[in-house]
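Hi there,

Here is the structure we talked about, ready for you to open.

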Amino acid sequence: MALTAAEVARLGELARVRLTESETELLAPQLDVILAAVARVTEVATPDVPPTSHAIPLTNVFRDDVVRPSLPREDVLAGAPAVEDGRFRVPRILGEEA
Amino acid sequence: MSEELLSFEDAMAQFDPVLGLEVHVELNTATKMFCGCANVFGSEPNTNTCPVCLGLPGSLPVVNATAIASAIRIGLSLGCDIAEWCRFARKNYFYPDMTKDFQTSQYDEPIAFDGRVELEVDGEVFVIEIERAHMEEDAGKLVHAGGVTGRIGDAEYSLVDYNRAGTPLIEIVTRPIRGTGAKAPQVAKAYVSYLRDLMRALDVSDVRMEQGSLRCDANVSLMPKGETELGLRTETKNVNSLRSIEAALTYEIRRQAALLAGGGKVHQETRHWHEEGYTTPGRSKEQAEDYRYFPEPDLVPVAPSREWVEELRATLPEAPDVKRKRLQTAWGFAEQEFADIVNAGALDLIEATVAAGAPASAARKWWLSELARRANEAGVELTALAITPAQVAAVQALVDAGTVNDKLARQVIDGVLAGEGEPAEVVSARGLAVVSDDGALIAAVDRAIEANPDVAAKIREGKMAAAGALIGAVMKDLRGQADAGRVRELIVERLG
């Protein structure tokens with residue numbers, strides 16, 4: 001189940017990572033090795049082993065609906081590359097509508 | 001912007017529409033879905049945020065118990081089964097309104113599924129099957145700046161407010177709705193209106209469409225008459241009033257019909273509704289979006305016990321359709337009179353006005369004529385008007401007590417809408433009370449008689465039809481601030 005260069009390019013697109021042709025060629029076999037390693041899990045996961053998504057066998061961990069203080073706005077915006085009117089300023093978004 | 005359209009009649013002669021409706025409901029919990037930040041509308045930007053809803057590294061979400069309870073109650077009221085065990089999932093995409101680069105949602109394990117809703121539209125009953133109602137979080141809000149029109153197409157940059165990020169949302173998804181024919185737009189409107197009433201009755205959401213706490217994405221496709229295979233659909237977003245749902249679907253049906261009738265194809269895509277009355281293409285869905293869903297590892301599964309589900313079932317309010325039948329009987333309105341109330345979205349307002357002491361007929365009159373006209377002029381829903389049912393009841397009480405007449409009452413409403421205070425305050429501030437002092441009224445009547453001797457003569461001869469002219473003169477003299485009935489009595493007294 002070798003990954004094609006096109007599939008790697010598509011993954012790069014989804015992850016917003018720009019890849020050159022030589023990089024996709026380099027990465028395809030490396031990702032193959034990772035996928036093959038993960039695929040070995042399916043060999044041991046027999047139908048009597050229930051699928052699990054969490055390491056702790058807990059359910060229903062809830063909190064009460066009680067307001068707690070939020071962060072001061074200057075702290076919230078401190079890490080923003082650019083700020084305007086108390087908001088995060090981000091580059092124009094192309095090709096999509098909000 | 002205008003595309004070719006077929007007339008709705010011609011479209012219906014050739015095609016059957018199939019609907020699919022996705023409704024997002026923002027819950028009115030005190031806090032957000034996964035953190036303790038306040039869940040409120042209209043705060044200063046980025047003042048209700050914390051490491052969790054900002055998606056800062058190392059922060060961990062914890063589920064809001066009230067949001068789960070609301071989700072279960074919504075599911076039950078839609079006739080859904082409630083999952084015995086379900087998980088949250090990450091929906092991965094990049095967009096600046098998402099702090100984490102994924103939205104915490106539910107994927108193949110919704111908390112509620114397989115429900116149904118029955119709707120009556122023009123005497124015909126339609127069954128809407130609910131595929132699922134799942135929990136998720138809302139995104140932040142973008143403002144597009146720097147462009148000429150404020151639309152994203154010419155924005156130079158965008159500004160983000162994350163107050164809304166993490167607000168609990170329930171997304172309710174229907175199965176394809178067939179067999180509605182030409183009533184498709186009305187059925188869609190009736191369905192969203194029903195959901196709005198239901199959410200309000202459950203008290204789980206503010207359901208203010210104009211504020212985005214109830215949002216509808218309307219999918220529609222057309223099949224040539226007699227076929228059963230679904231056509232390619234479009235999904236229209238940004239539909240934020242009941243009126244727009246009907247208008248947007250009518251437009252899309254006409255647009256798709258023109259394309260298909262002309263031998264063309266419908267592009268499967270997202271479209272945007274413009275209040276001016278048309279849709280424009282948004283994201284193309286030709287390349288299926290790949291959200292790479294996977295179970296959220298930071299949250300443990302939700303497994304509502306059957307006991308809890310039954311406890312919540314016991315808290316469900318009277319279903320809106322049952323309530324309607326009860327109120328119609330209690331208020332004594334004819335079928336059409338009552339239907340007008342429901343169609344105007346005024347049922348709850350009138351119920352609250354009646355509860356505040358007004359007679360049902362008066363409550364209906366104010367909300368469906370005077371206030372409906374003002375809402376219409378302002379292009380908002382009745383509920384968005386700056387007057388409460390209690391204030392409307394107070395206005396009617398002033399009329400019943402003879403303090404103001406109908407005409408002055410409208411000015412009182414003007415004052416309340418303008419933020420001048422309670423009805424009684426508006427009456428005294430604007431000096432609107434009718435002249436109830438007989439001395440002042442008699443003086444005005446005498447002035448009118450003196451100024452109109454020929455009219456007075458006719459009345460003396462018993463021609464009471466002429467009294468209208470004198471009443472008019474008195475009302476003018478007193479700038480409308482008199483009870484016309486009392487003026488008539490006094491005229492008869494003076495000339496009888």
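Predicted model: local features only at pLDDT ≥ 70, side-chain atom pairs only at ≥ 80, totals over all residues.

**Where the chains meet**

Let me begin with the side of chain B that touches chain A. There, 45 residues of chain B are in contact with 34 residues of chain A. Several elements of chain B give two or more residues each to this side: strand S2 (63–64), helix H2 (65–77), strand S8 (141–145), strand S9 (157–161) and strand S14 (278–284). The largest share comes from S9(B), with 5 residues. If you sort this side of chain B by class, you get 25 nonpolar, 12 polar and 8 charged residues.

Strand S3 of chain A (residues 87–91) is joined to S9(B) by 4 bridges, and the two strands run antiparallel. To find the pairing on screen, look for Arg89(A), whose bridge partner in S9(B) is Leu159(B). Phe88(A) has Val160(B) as its bridge partner in S9(B).

Which strands make up the open sheet here, and in what order? There are 4 of them, in the order S2(A)-S3(A)-S9(B)-S8(B), with antiparallel pairing.

**Domains of chain B**

Chain B is divided into domain 1 (8–312), domain 2 (320–430) and domain 3 (438–495). Between domain 1 and domain 2 of chain B, the C-alpha centres lie 32 Å apart. Their contact takes 10 residues from domain 1 of chain B and 6 residues from domain 2 of chain B. On the domain 1 side, helix H3 of chain B (residues 184–202) gives the most, with 6 residues. The residues on that domain 1 side divide into 5 nonpolar, 2 polar and 3 charged.

**Helix packing in chain B**

Two helix pairs are worth a look, and H10(B) takes part in both.

H10(B) brings Gln391(B), Val395(B), Leu398(B) and Val399(B) to the contact, while H11(B) brings Asp406(B), Ala409(B), Val412(B), Ile413(B) and Val416(B). By class, that contact has 7 nonpolar, 1 polar and 1 charged residues.

The second pair is helix H8 of chain B (residues 347–355) with H10(B): their axes come within 8 Å and cross at roughly 55°. That angle makes H8(B) oblique to H10(B). The crossing of H8(B) and H10(B) is right-handed. The contact is made by Leu349(B), Ala352(B) and Thr353(B) on the H8(B) side, and by Pro389(B), Val392(B) and Ala393(B) on the H10(B) side. These residues divide into 5 nonpolar, 1 polar and no charged.

Happy to go through any of this with you at the screen.

Best wishes

Terms used:
Residues numbered from 1 in each chain as written. Chains lettered and ligands numbered in written order. Axes fitted to C-alpha atoms, helices over the stretch in contact; angles between N-to-C directions. Contact = placed C-beta atoms within 7 Å. Nonpolar A, V, L, I, M, F, W, Y, C, P; charged D, E, K, R; others polar. Pairing = 2+ DSSP bridges. Domains from an automatic or database assignment. Parallel < 35°, antiparallel > 145°, perpendicular 65-115°, else oblique. Left-handed = near helix turned anticlockwise from the far one by under 90°.
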